[in-house]
Amino acid sequence: MTKNTSSANNLKLRELRDGFYANLVVAASVGAYGSVLGLLAAQKELTWFQLLFMNLSVFAGSAQFVMVDMWIPPLPILEITLAVFIINMRYSLIGASLSPLFQNTSLIQKLTFMHLVADENWAITMAHYHRRKITIWFLLGGGICVQVAWCSGTLLGHRLGAVISNPQRFGLDFSFVAVFTALVLSFWKGKKDILPWLVAAAAAVITESLLPGKWYIICGGISGALTAAVLPEAGKDHVHD
C-alpha cells in the first residue's frame, strides 16, 4: 500500500467517524421515534424480520409509517408503492443539494450513500459542509449512526408492542396521527405553503369520500405537489418568508 493510499484511507475513516459522532446528538430522538413505529408494526402483526427488512430496504421514517398504517391484508401493493414514492419525492431535492459532495464519485457510491441519507444526517451534513470541507464519508458515517438508532428503536418498540394487547388503553392507537402531524408541521417553509397544503387537504378529503382504501394519500400528495410546482417564483418567496 502506498503512502497516498494509506493517507486517503485514513481520511475516509476519520470522516466516517466524525459523521457518526456528529449524528449521535439526534440518535436518541431517532430511536424514540422509531420505537413508535415498531409498536404500531407489532399491532399490525408484522414480524420482527419483516420490520427489519423494511428498515434496511426502505429506511424512510415517514414512508414506513404510511406503509404500516396501510398494512391490511390483502396488501394494497400498488397503493403502498405509490404512496411511498410520493412521500419520498423530497429526496430528489435532498440529492440535488448534496451534489457537490458527490462530484467524482461512481454511480454505485451515489446509490449506496444516498440509500443511507435521512433527514437528520442530511441536515447535520449540510450544517458541517457550510463550516468546513467534508466528504461523502462524513455523510455515510451519519447515515450509519441514524440507521443503527432507527433499527434499534423500531425493533425494541416491536418487542414492546408484542406484549401490549390493548394499545388504545394507553392512547397508542393515536401514535400514527400524532407522529405524522409532527412530520407535516416540520415541512412548513412559509406562507407560500398555505395554498398547496389547502389543495392537498381538500383533494384528500374529497378522494377519501369517493374511493376506498388509501388513495386519498396519493391524490392529496400529487395535488399539493402540482400546486406548489406551478406557483410562480416559489423559491424567492420562501427566502423572504
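Tutor: Start with the overall picture. This is a predicted model. The protein has 13 helices and zero strands.

Student: What share of the contacts with a separation of 6 or more comes from residues 24 or more positions apart?

Tutor: Such pairs account for 77% of those contacts.

Student: Why is Gly34 called buried?

Tutor: Buried means under 20% relative accessible area. Gly34 has 0% relative accessibility, so Gly34 counts as buried. Gly34 lies in helix α2.

Student: Which residues does Gly34 touch, leaving aside neighbours within four places in sequence?

Tutor: Gly34 is in contact with Trp150, Gly153 and Thr154. Look at Cys151 too. Gly34 and Cys151 are 117 residues apart along the chain, yet their C-alpha atoms are separated by 7.4 Å.

Student: What makes Glu45 exposed rather than buried?

Tutor: Exposed means over 50%. Glu45 has a relative accessible area of 68%, so Glu45 is exposed. Find Glu45 in the loop between α2 (24-43) and α3 (48-57). Its phi is positive, about 65°, although Glu45 is not a glycine.

Student: Phe59 also has a positive phi. Is Phe59 buried or exposed?

Tutor: Phe59 has 5% relative accessibility, and the limit for buried is under 20%, so Phe59 counts as buried. Its phi is about 45°, and Phe59 is not a glycine. Phe59 sits in the loop between α3 and α4.

Student: Where is the cis peptide bond?

Tutor: The cis bond joins Pro73 and Pro74, with omega about -5°. Pro74 is in the loop between α4 (61-69) and α5 (77-87).

Student: Now Thr207. What makes Thr207 buried?

Tutor: Its relative accessible area is 10%, and the cut-off is under 20%, so Thr207 is buried. Thr207 lies in helix α11, residues 194-210.

Student: How do you know that Thr207 has a polar contact with Ala203?

Tutor: A polar contact needs a pair of N or O atoms within 3.5 Å, one able to donate a hydrogen and the other to accept it. The backbone oxygen of Ala203 lies 2.7 Å from a polar atom of the Thr207 side chain. Thr207 also touches Trp215, Tyr216 and Cys219, not counting residues up to four places away in sequence.

Student: Why are α11 and α12 called roughly antiparallel?

Tutor: Angles over 145 degrees count as roughly antiparallel. The axes of α11 and α12 (residues 215-230) cross at roughly 155°. The two helices are therefore roughly antiparallel to each other. Their axes come within 7 Å.

Student: Is the crossing left-handed or right-handed?

Tutor: The crossing of α11 and α12 is right-handed.

Student: Which residues meet there?

Tutor: From α11, they include Leu195, Val199, Ala203 and Thr207. From α12, they include Trp215, Tyr216, Cys219 and Ser223. The residues of this contact divide into ten nonpolar, five polar and one charged.

Conventions:
Residues numbered from 1 in each chain as written. Predicted model: local features only at pLDDT ≥ 70, side-chain atom pairs only at ≥ 80, totals over all residues. Heavy atoms only, no water. Helix = DSSP H or I, 4+ residues; strand = E, 2+ residues; numbered from the N terminus. Buried < 20%, exposed > 50% of the residue type's maximum accessible area, 1.4 Å probe, protein only. Contact = heavy atoms within 4.5 Å. Axes fitted to C-alpha atoms, helices over the stretch in contact; angles between N-to-C directions. Parallel < 35°, antiparallel > 145°, perpendicular 65-115°, else oblique. Left-handed = near helix turned anticlockwise from the far one by under 90°. Nonpolar A, V, L, I, M, F, W, Y, C, P; charged D, E, K, R; others polar.
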